[in-house]
Amino acid sequence: MTANRTLYNYWRSSASYRVRIALNLKGLDYTTQSVHLVRAGGEQHRADYRKLNPLALVPTLVDGAQVLTQSLAIMEYLDDAYPETPPLLPTAAPERARARAIAQAIACDIHPIGDLRILQYLAREFAVDDAGRSAWSRHWIEVGFAAIETMLAAGAGDFCVGAAPSLADCCLVPQVYNARRHGVALDAYPAIVRIDAACRRLDAFARAVPEVQPDAPRAPG
């Protein structure tokens with residue numbers, strides 16, 4: 001399936017990672033345009049990018065004439081705009097609500113507190129060092145994961161909700177990636193670890209991994 005579809009993203013951005021997974025799950029072709037969040041003070045602050053995304057965040061999806069921002073909104077748009085492709089939400093209302101609840105617990109409650117701009121602010125305004133910022137991130141991930149583990153224990157299947165990956169899994173896997181980066185001990189979250197492993201065995205998730213993205217740093221030689 002070909003289309004004039006461009007994802008403005010950064011290789012290690014959790015929100016970008018979510019949308020890459022979603023596009024892959026739905027079998028939608030896209031090209032990526034790197035927006036480096038650190039180089040030269042952050043390319044997301046450039047005037048040309050702010051015209052696309054006034055919040056100066058990633059990702060932004062340009063789908064034909066449509067310019068879309070916010071990862072959850074983008075993923076729901078993909079479901080609405082391309083109903084002929086595999087769905088990102090279950091059919092039944094209770095399961096749809098469960099998938100959204102898990103996704104929002106990650107995208108709205110855990111991720112924003114440890115976002116790059118928050119960590120940069122802690123360093124700049126309060127002189128919090130690298131160790132302190134990692135401790136901050138670990139704390140809020142652990143608080144959120146404890147709640148999500150309980151939510152999953154109440155009815156997860158092979159994936160977060162049932163036998164197929166959904167919006168919830170698109171959000172969970174990038175957050176587990178972040179947890180590992182910050183040294184979170186995952187033994188206390190067996191359902192999260194199990195589902196993360198099941199997802200990462202799928203090609204749609206493997207192709208979205210940060211380290212395989214075109215703008216990821218490459219080792220010399």
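Strand E1 (5–9) is mostly covered, since 4 of its 5 residues are buried, where buried means under 20% relative accessible area, exposed means over 50% and partly exposed lies in between, with a 1.4 Å probe and protein chains only. Helices (H or I, at least four residues) and strands (E, at least two) are DSSP runs that are numbered from the N terminus. This is a predicted model, in which local features need pLDDT of at least 70 and side-chain atom pairs count only at pLDDT 80 or more, while totals for chains, interfaces and linings use all residues. Residues are numbered from 1 along each chain as its sequence is written, and side-chain values use heavy atoms, with hydrogens and water left out.

**The sheet**

- Four strands form an open sheet of mixed pairing, in the order E2-E1-E3-E4, and two strands are taken to pair if DSSP finds at least two bridges between them.
- The edge strands, each pairing on one side only, are E2 (31–34) and E4 (66–69), and the twist averages 20 degrees from one strand to the next.
- E1 pairs with E2 in the parallel sense over 4 bridges, and within E2 it is Gln-33 that stands opposite Tyr-8.
- E1 also pairs with E3, here in the antiparallel sense and over 4 bridges, with Leu-61 of E3 as the bridge partner of Leu-7.
- Strand E3 (residues 60–63) pairs with E4 in the antiparallel sense over 4 bridges, and Asp-63 stands opposite Gln-66 in E4.

**Helices packed on the sheet**

- Helix H1 (residues 14–25) packs on the sheet by touching E1 and E3, and its direction makes about 155 degrees with that of E1; contact means heavy atoms within 4.5 Å.
- Helix H3 (residues 71–81) packs on the sheet as well, touching E3 and E4, and its direction makes about 135 degrees with that of E4.
- For these angles, axes are lines fitted to C-alpha atoms, for helices over the stretch in contact, and the angles run from 0 to 180 degrees between N-to-C directions.

**Aromatic pairs**

- A search of the whole structure finds 6 aromatic pairs, for which rings of Phe, Tyr and Trp (its six-membered ring) must have centres within 6.5 Å, with planes under 30 degrees apart counted as stacked, over 60 as edge-to-face and the rest as tilted.
- One of these pairs is formed by Tyr-10 and Trp-11, which are edge-to-face at 6.1 Å centre to centre with 65 degrees between the planes; Tyr-10 and Trp-11 are both buried.
- Phe-145 and Tyr-189 form another edge-to-face pair, with 5.6 Å centre to centre and 80 degrees between the planes.
- Phe-145 counts as buried because its relative accessibility is 0%, and Tyr-189 is buried with a relative accessible area of 8%.

**Salt bridges**

- The structure holds 11 salt bridges, a salt bridge being a side-chain nitrogen of Lys or Arg within 4 Å of a carboxyl oxygen of Asp or Glu.
- Among them, Glu-43 and Arg-39 are joined with their closest N and O atoms 2.9 Å apart; Glu-43 is buried at a relative accessible area of 14%, whereas Arg-39 is partly exposed at 46%.
- Glu-76 and Arg-100 meet through their side chains at 2.9 Å, N to O, and this pair links distant parts of the chain, 24 residues apart, with Glu-76 in helix H3 and Arg-100 in helix H4 (residues 93–110).
- Glu-76 is partly exposed, with a relative accessible area of 24%, and Arg-100 is likewise partly exposed, with 26%.
- Glu-125 forms a salt bridge with Arg-124, the closest N and O atoms being 3.3 Å apart; Glu-125 counts as partly exposed at 44% relative accessibility, and Arg-124 as exposed at 57%.
- Arg-180, Asp-196 and Arg-200 are linked in a network of salt bridges.

- Asp-169 lies in helix H7 (residues 167–181) and is buried yet has no salt bridge, the nearest side chain of opposite charge being Arg-194, 8.4 Å away; Lys and Arg count as positive and Asp and Glu as negative, while His and the chain ends are not counted.
- Leaving aside neighbours within four places in sequence, Asp-169 is in contact with Phe-159, Cys-160, Ala-164, Pro-174, Ile-195, Cys-199 and Phe-205.
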